[in-house]
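This briefing covers helix packing and charged side-chain pairs. Please read it alongside the sequence and the model.

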Amino acid sequence: MKSSAVEMCLLFDFYGDMLTEKQRQIFDYYYNEDLSLAEIAEIAGISRQGVRDSVVRSEVALRAMEEKTGLVARFRAMNDTIAQIHTLVDEFAKSPDFRHITNVSADRIRKIWFLSRPEEEGKNE
């Protein structure tokens with residue numbers, strides 16, 4: 001029954017607040033805590049079928065929200081673009097051409113690099 005756990009957890013990160021508190025809790029037990037339907041049923045005080053129904057309804061709701069908003073798709077596209085920028089900047093920084101650019105251009109390239117990797121800022125200065 002489990003859909004891709006990574007996919008569901010990503011959808012939950014974006015849209016989980018749209019679920020009811022009980023749905024969020026059951027979803028968390030099922031996907032994040034990796035509890036069985038029977039274990040969740042015992043904790044929640046409902047039937048195993050009730051847990052399964054809640055998980056399925058949550059999955060459907062999360063997918064429907066993604067279909068309507070496309071936030072996760074845009075997030076992934078943005079991350080892909082950032083990864084491409086990282087690669088291009090890294091390749092350029094290692095190329096012989098980098099030594100021949102002006103200081104202004106070098107500063108702009110560094111800004112682009114640090115904007116896409118804020119955790120690196122200040123390490124190599």
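**Helix 2 and its surroundings**

The buried residues of helix 2 pack against helix 1, helix 3 (37-44) and helix 4. Contact here means heavy atoms within 4.5 Å, and buried means under 20% relative accessible area, exposed over 50% and partly exposed in between (1.4 Å probe, protein chains only). Helices are DSSP runs (H or I, at least four residues), numbered from the N terminus. This is a predicted model, in which local features need pLDDT of at least 70 and side-chain atom pairs count only at pLDDT 80 or more, while totals for chains, interfaces and linings use all residues. Residues are numbered from 1 along each chain as its sequence is written, and side-chain values use heavy atoms, with hydrogens and water left out.

**Helix 2 itself**

- Q23, I26, F27, Y29, Y30 and Y31 are the buried residues of helix 2.
- After helix 2 comes D34, which has a positive phi, near 60°.

**Helix 2 against helix 4**

- The axes of helix 2 and helix 4 (residues 48-69) cross at roughly 100° and come within 9 Å; axes are lines fitted to C-alpha atoms, for helices over the stretch in contact, with angles from 0 to 180 degrees between N-to-C directions.
- Helix 2 is therefore roughly perpendicular to helix 4, a term for angles of 65 to 115 degrees.
- From helix 2, Q23, I26, F27, Y30 and Y31 meet V51, S54, V55, R57, S58, E59 and L62 of helix 4.
- The residues of this contact comprise 7 nonpolar, 3 polar and 2 charged, where Ala, Val, Leu, Ile, Met, Phe, Trp, Tyr, Cys and Pro count as nonpolar, Asp, Glu, Lys and Arg as charged, and the others, Gly among them, as polar.

**Salt bridges**

- The whole structure holds 2 salt bridges, each defined as a side-chain nitrogen of Lys or Arg within 4 Å of a carboxyl oxygen of Asp or Glu.
- R76 and E7 form a salt bridge through their side chains, at 2.7 Å from N to O.
- This pair links distant parts of the chain, with R76 in helix 5 (residues 71-94) and E7 in helix 1 (residues 5-15), 69 residues apart.
- R76 is partly exposed at 36% relative accessibility, and E7 is partly exposed at 26%.
- R24 forms a salt bridge with E21, with the closest N and O atoms 2.6 Å apart.
- Both R24 and E21 lie in helix 2 (residues 21-32), 3 residues apart, or about one turn of the helix.
- R24 is partly exposed with a relative accessible area of 22%, whereas E21 is exposed at 51%.

Notes
Helix = DSSP H or I, 4+ residues; strand = E, 2+ residues; numbered from the N terminus. Parallel < 35°, antiparallel > 145°, perpendicular 65-115°, else oblique.
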